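Student: Could we go through this protein together? I would like to know how to read it.

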Amino acid sequence: MKILIKNGRIIDPAGGTDKVADLLLENGLVAGINSNIPSDKADEVIDAEGKVVCPGFIDLHVHLREPGFEGKETIESGCKAAAAGGFTTICPMPNTNPAADNLPVIDFVRNTAAKVSPIRVLPIAAITKGRKGQELSPMGELAEAGVAGFSDDGDYVSNSSMLLHALLYSRTFGLPVMEHCEEPCLAEGGVMNEGLLACRLGLKGIPDAAEEIALSRDIALAKESGGQLHLCHISTAGSVELVRRAKAAGIQVSAEVTPHHLTLTEAEVSGYNTNAKVNPPLRTQSDIEALIKGLKDGTIDAIATDHAPHTANDKLCEFGLAANGISGLETAFASLMGLVHSGSISLSLLIEKLTAGPRQVLGEKHKNIGNLKPGSSADVVIFDPDEEWTVDTARFFSKGKNTPLEGRRLKGRVKTTIACGRIAYRE
Ligand SMILES: NC(=O)N[C@@H](CC(=O)O)C(=O)O
């Protein structure tokens, strides 16, 4: 099977490419980039004039909810949503029921994905059994089975000795330990960012310190162990500075930020909108500025959606009782394009943080994704950077309609997603 993508602006940050040319995909791999590749060579020709062609996006952090919470999302609905969002590789988190802390659950996720998913699914296994923080999961067995990393996401591994050992083991596996940094005593009962607005709304806040204390301890443990620490969804200016200093000191640490923490502030919560309730909470404009600076100077390695779908009932309730999370796969790219259109970041930086950046966190084993070098996996997204559209959750592939972006105009639209040389999504 040969697919020829003609006359697109090909941007591949890993290969330093940014030019108008043709891209040929053959037998699931990138065959080459050239000008005027003859069309008769291809089974399918896609006209990409005026569009951008880049490596398929990689999302280090999604919640697919299956097994256990199929009312919120299934592997099939989540993977279709991902493909529609331009993602060709996603890493589902293990906070399912049962938790993905053992081989049968990991196998179930992988086998189901193999049957129903148009894109690549690289599951993350739990750090501790049942994500309870008491006893390590069989990390060696899970690593051998090919999981992409370890995380108790949704919960912080409070026991320092437990996390130290997980980091020590991660060294032998060459896999990231992905931490949800939240000091539970400080965060307890909090439902939004701590500050004046929380006071005015009468809601209990979560202070920056809850994230920063947790993250500081984790950095100390990464230094102690030499393990590969990855910090999930960092959200405060203080966290950016702590990661910056850790990297400068040579500690092996990487970090991700979500599209919502880069584009939305706590003001979204003003009308007690439960669709803006998320963990970590939406913060302030100065946090956004620090996070963008962190993307630009390399402190933050990747943008990850933390796609957290919930049912309508999970959100149709008092603010304090509503579930945390934003369904993000289908709006991530376009909402981030807002940062490009406003001049806050460049298009190539955005693409880098959705492709080469997360690829690096996954390690050498996955070096054939996140770039368009010949021989790499034929994972490609074609998008129109200027097309405007209105978010309509009724049209989401995701079962999770929980987004504060409903009805918003966004600029930038995914047109075609190709994963492993096959069309995964076409508008
Ligand atoms: N990010 C979220 O707001 N929610 C996550 C878990 C979590 O990180 O709290 C979820 O699984 O729903």
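This is a predicted model: local features need pLDDT of at least 70, side-chain atom pairs count only at pLDDT 80 or more; totals for chains, interfaces and linings use all residues.

Student: How is the protein chain divided?

Tutor: It is divided into domain 1, made of 2-52 + 378-397 + 410-426, and domain 2, which covers 56-365. Their C-alpha centres lie 27 Å apart.

Student: How many residues of each are in contact?

Tutor: In domain 1, 22 residues are in contact with 29 residues of domain 2. On the domain 1 side, β17 (380-390), β18 (409-419) and β19 (422-426) each give two or more residues. The largest share, seven residues, comes from β18.

Student: And what classes of residue are on that side of domain 1?

Tutor: The side of domain 1 that touches domain 2 has 16 nonpolar, two polar and four charged residues.

Student: Now helix α2, please. Which of its residues are buried?

Tutor: The buried residues of α2 are V105, I106, V109 and A113. Seen down the axis of α2, they fall within an arc of 105°, so they line one face of the helix. On the other side of α2, P104, N111, A114 and K115 are exposed.

Student: What covers the buried residues of α2?

Tutor: The cover includes the helices α1 (75-84) and α3 (139-144), together with the strands β7 (87-92), β8 (120-121) and β9 (124-125).

Student: Changing topic, what surrounds the ligand?

Tutor: The residues around the ligand are H63, N95, D153, G154, H180, V278, N279, D306, A308, N324 and G325. By class, this shell has seven polar, two nonpolar and two charged residues.

Methods. Residues are numbered from 1 along each chain as its sequence is written. A residue is near a molecule or strand if its C-beta atom, placed from the backbone, lies within 6 Å of it. Ala, Val, Leu, Ile, Met, Phe, Trp, Tyr, Cys and Pro count as nonpolar, Asp, Glu, Lys and Arg as charged, and the others, Gly among them, as polar. Domain bounds come from an automatic or database domain assignment. Two residues are in contact if their C-beta atoms, placed from the backbone, lie within 7 Å. Helices (H or I, at least four residues) and strands (E, at least two) are DSSP runs, numbered from the N terminus. A residue is buried if 20 or more other C-beta atoms lie within 10 Å of its own, exposed if 12 or fewer, and partly exposed in between; C-beta atoms are placed from the backbone. The arc is that of the directions from the helix axis to the C-beta atoms.
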